[in-house]
Amino acid sequence: MTPGLFDEAPTPYAAPEAIASGAVLLRGFALDVDEALLQAIQKVTATAPLRHLVTPGGYTMSVAMSNCGTLGWVSDRSGYRYDAKDPLSGKPWPAMPACFADLALRAAAEAGFDNFHPDACLINRYEPGARLSLHQDKDEGNMAAPIVSVSLGLPAVFLFGGLNRNDRPARYRLVHGDVAVWGGPSRLAYHGVAPLAEGEHARLGRQRINLTFRCAR
Ligand code: SIN
Ligand code: FE2
């Protein structure tokens, strides 16, 4: 049996699940808007293609990335930063789709963070084997605003640690439609994604797509 095909009975959203002070999982929160999100992702990535960025240390990331919104997160040999322009095209990133902004606002409010109006959305595409090592989201100018993270496609193991790199992270299985929100005392928590397992998602095939919404300015 193909892993991932038959074990994903989507659970409709019920209530926030606290994972740390200021951090919650909203399981199934994005399920009822998944088609709109996927169509918007198609549109954004047709203009600003997913690409494998290079880290300042010279490694090519296994996760492919793109952005929408007024700012986009980029990495190259000179460092990490937010940039108003896509370095591939030299043009502004595609605008934030209304269905993205709406979901991010509602998810943040559900987690206790009102008036969340992100100016940046990083789109991450994982294929089996791709991973994101433990890191803090600390390039944003606004640390009062949370991070809202939406999972689509294949399941992943999300690692969520503490404020010190050495804190052993807890592991949470995130599936299609799940949303994680971290802010307040957890805003700078270390987090990452374990290597994606092989699988075939009914709608997205052999990939996981993650959206993270940030107030970068
Ligand atoms: C991120 O930390 O930017 C992405 C997290 C994820 O893919 O779940
Ligand atoms: Fe992150």
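Predicted model: local features only at pLDDT ≥ 70, side-chain atom pairs only at ≥ 80, totals over all residues.
The dialogue below walks through the metal site, the sheet, the charged pairs and a few single residues of one structure.

Biologist: Which residues coordinate the iron ion (ligand 2)?

Modeller: Donors are N, O and S atoms within 2.8 Å of the metal (3.2 Å for Na, K and Ca), and sites may look incomplete because water is not among the atoms. Here the iron ion (ligand 2) is coordinated by H135 through NE2, D137 through OD and H191 through NE2, at 2.1 to 2.2 Å. Along the sequence these donor residues follow the spacing H-x1-D-x53-H. D137 sits in the loop between β7 (132-135) and β8 (147-153), whereas H191 belongs to strand β12 (residues 191-193), so that this pair, 54 residues apart, links distant parts of the chain. The helices (H or I, at least four residues) and strands (E, at least two) named here are DSSP runs, numbered from the N terminus.

Biologist: Why is the arrangement around the iron ion (ligand 2) irregular?

Modeller: Ideal angles at a metal are 109.5 degrees for four tetrahedral donors, and 90 or 180 degrees for six octahedral ones. Four donors count as tetrahedral if all angles lie between 85 and 135 degrees; four count as square planar and six as octahedral if opposite donors are over 155 degrees apart and all others between 65 and 115; anything else is irregular. The four donor atoms around the iron ion (ligand 2) subtend angles of 90 to 174 degrees, and the arrangement is therefore irregular.

Biologist: Are D137 and H191 buried or exposed?

Modeller: A residue is buried under 20% relative accessible area, exposed over 50% and partly exposed in between (1.4 Å probe, protein chains only). By this rule both D137 and H191 are buried.

Biologist: In what order do the seven strands of the open sheet lie?

Modeller: Strands of a sheet pair through backbone hydrogen bonds, either parallel or antiparallel; two strands pair if DSSP finds at least two bridges between them. In this open sheet the order is β1-β2-β11-β8-β13-β6-β3, with antiparallel pairing, and β1 (17-20) and β3 (64-69) are the edge strands, each pairing on one side only. Between β8 and the antiparallel strand β13 (residues 208-214) there are six bridges, and V150 stands opposite L211 in β13.

Biologist: Which strands does helix α1 lie across?

Modeller: Contact means heavy atoms within 4.5 Å, while axes are lines fitted to C-alpha atoms, for helices over the stretch in contact, and angles run from 0 to 180 degrees between N-to-C directions. Helix α1 (residues 34-47) lies across β3, β6 (120-126), β8 and β13, and runs at about 95 degrees to β8. Helix α2 (residues 98-110) also packs on the sheet, where the strands touched include β2 (23-26) and β11 (179-182), and its direction makes about 120 degrees with that of β8.

Biologist: How many salt bridges are there?

Modeller: Side chains of opposite charge can pair when their charged atoms come close. A salt bridge is a side-chain nitrogen of Lys or Arg within 4 Å of a carboxyl oxygen of Asp or Glu, and the count comes to eleven. One of them joins R106 and D102 (3.1 Å, N to O); being four residues apart in helix α2, R106 and D102 are separated by about one helical turn. Another joins R187 and E140 (2.9 Å, N to O). R187 lies in the loop between β11 and β12 and E140 in the loop between β7 and β8, so this pair ties together parts that are 47 residues apart in sequence. R187 counts as buried at 2% relative accessibility, and E140 is buried at 6%. Salt bridges that share partners join D137, E140, R187 and R214 into one network.

Biologist: What is the phi of N115, and where is this residue placed?

Modeller: Most residues other than glycine have a negative phi. The phi of N115, however, is near 55 degrees, a positive value in a residue other than glycine. N115 is in the loop between α2 and β6, and with a relative accessible area of 62% it is exposed.

Methods. Residues numbered from 1 in each chain as written. Chains lettered and ligands numbered in written order. Heavy atoms only, no water.
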